[in-house]
Amino acid sequence: MIAVGGENLIDLVSTSSADGYPAYTAYPGGSPFNVAMAAGRQNAATAYLTPISSDRLGVLLAECLTNAGVTLAGGRSQRPTSLAVVSVHEGIPSYGFYREGTAERQITQDFLDRVIPQQANIVHLGSACLIEGADASAWEAQFSKWHRAGRLTCLDPNVRPSLVSDASAYRLRMKRMMGVADILKLSDEDLHWLYPDCDFETACAACFADSHAALSVITCGAEGVLAICGGRSVRLPAFPVRHLVDTVGAGDTFMASLLVWCADNQIRGRTDIETLGERNLWSMLARAAAAAALNCGAQGCQPPTKQQIDTALC
């Protein structure tokens, strides 16, 4: 089973304007929420560890996950739902967040000990939940604990610079968590933010030195994917996008597809990743890239199903 932890929120996406005023459409979102939904849509046994509000927006979030077959392990909370205001320019989103005192911030280590399913052998964390606060500290401590317990730990920083008030502290947290991540995935934008004033190659070298991950993946948009696994470096071209609408959730869909591939192929721990053959590595990355490309053909995060990915790869 795949267990996913991190924020859930409503993306208020600017889709049009009327009489000079922007109009917004509400979409369920949050990077880890998207990962859980995308994994569920691919028929993977998936549990979501974060509480979801019981308000009207929380009902929408909960229904989205349950309709995808995801177990709401974290339950519900009386606190309100977090919001993100998303502006899209030429298909690229920018974000403003409102999440103080909300349902998804109600995290402690004791809570996580209670809600994680025993059968969850893959655990994924990422994004805003790791930036600051008592909840971020709890997620970090539990991530390390899960790693020591032998669960396959997966990290996607999915950096949100507008939320980071202490960049140095946040970068240090990410580097600590890289040290206990078995799978690490970053976008090229994440990489350059975490390692400022470096060119791509230098930033990669610094990142791989900080990380102890068995598999490290850097997504580079239209430039494709760079992966390091078992001492091998692999570059995969981007899967073609027939009609780009926006890139919201593309990285999350990519991440989910990596995890689903691991679950489907009986990847249980670090050793299984480290000994992954080149053919299987290519198969994993190609499937994730195809899934991300399909997601880019719809507005907001609307991950494809397993059958849709299979069809695209035929």
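Buried means under 20% relative accessible area, exposed over 50%, and partly exposed in between, with a 1.4 Å probe and protein chains only. The model is predicted, so local features need pLDDT of at least 70, side-chain atom pairs count only at pLDDT 80 or more, and totals for chains, interfaces and linings use all residues. Residues are numbered from 1 along each chain as its sequence is written, and side-chain values use heavy atoms, with hydrogens and water left out.

**View 1. Glutamine 142 in helix α4.** Glutamine 142 is part of helix α4, which covers residues 133-148; helices (H or I, at least four residues) and strands (E, at least two) are DSSP runs, numbered from the N terminus. The relative accessible area of glutamine 142 is 0%, so glutamine 142 is buried. Apart from neighbours within four places in sequence, glutamine 142 is in contact (heavy atoms within 4.5 Å) with Gln109, Leu112 and Asp113.

**View 2. Threonine 153 in strand β11.** Threonine 153 is buried, because its relative accessible area is 0%. A polar atom of the threonine 153 side chain lies 2.7 Å from the backbone oxygen of valine 180. With neighbours within four places in sequence left aside, the contacts of threonine 153 include Val123, Phe143, Trp146 and His147. Val180, Ala181, Asp182 and Ile183 are also among the residues in contact with threonine 153.

**View 3. Aspartate 156 in strand β11.** Strand β11 runs over residues 152-156 and holds aspartate 156. Aspartate 156 has a relative accessible area of 1%, and is therefore buried. Its side chain makes a polar contact with the side chain of lysine 185, at 3.3 Å. A polar contact is a pair of N or O atoms within 3.5 Å; within protein, one must be able to donate a hydrogen and the other to accept it, and residues adjacent in sequence count only if both atoms are side-chain atoms. Not counting residues up to four places away in sequence, aspartate 156 touches His124, Leu125, Gly126, Ser127, Lys185, Leu186, Asp190, Asp252 and Met255. Aspartate 252 is 96 residues from aspartate 156 along the chain, and the C-alpha atoms of the two are separated by 8.6 Å.

**View 4. Asparagine 158 in the loop between β11 and α5.** Helix α5, at one end of this loop, covers 167-178. Asparagine 158 is not a glycine, although its phi is positive, at about 40°. The relative accessibility of asparagine 158 is 12%, so asparagine 158 counts as buried.

**View 5. Glutamine 266 in the loop between α8 and α9.** The loop lies between α8 (250-264) and α9 (270-274). Glutamine 266 has a positive phi near 60° and is a residue other than glycine. Its relative accessible area is 48%, so glutamine 266 is partly exposed.

**View 6. The chain around these sites.** The chain has eleven helices and 15 strands. Its radius of gyration (taken over C-alpha atoms) is 18 Å, close to the 20 Å that the globule rule (2.2 Å times the number of residues to the power 0.38) gives for 314 residues, so the chain is as compact as a globular protein of that length. The C-alpha trace spans about 55 × 45 × 40 Å along its principal axes. Of the 314 residues, 54% count as buried. Among contacts between residues at least 6 apart in sequence, 69% join residues at least 24 apart.
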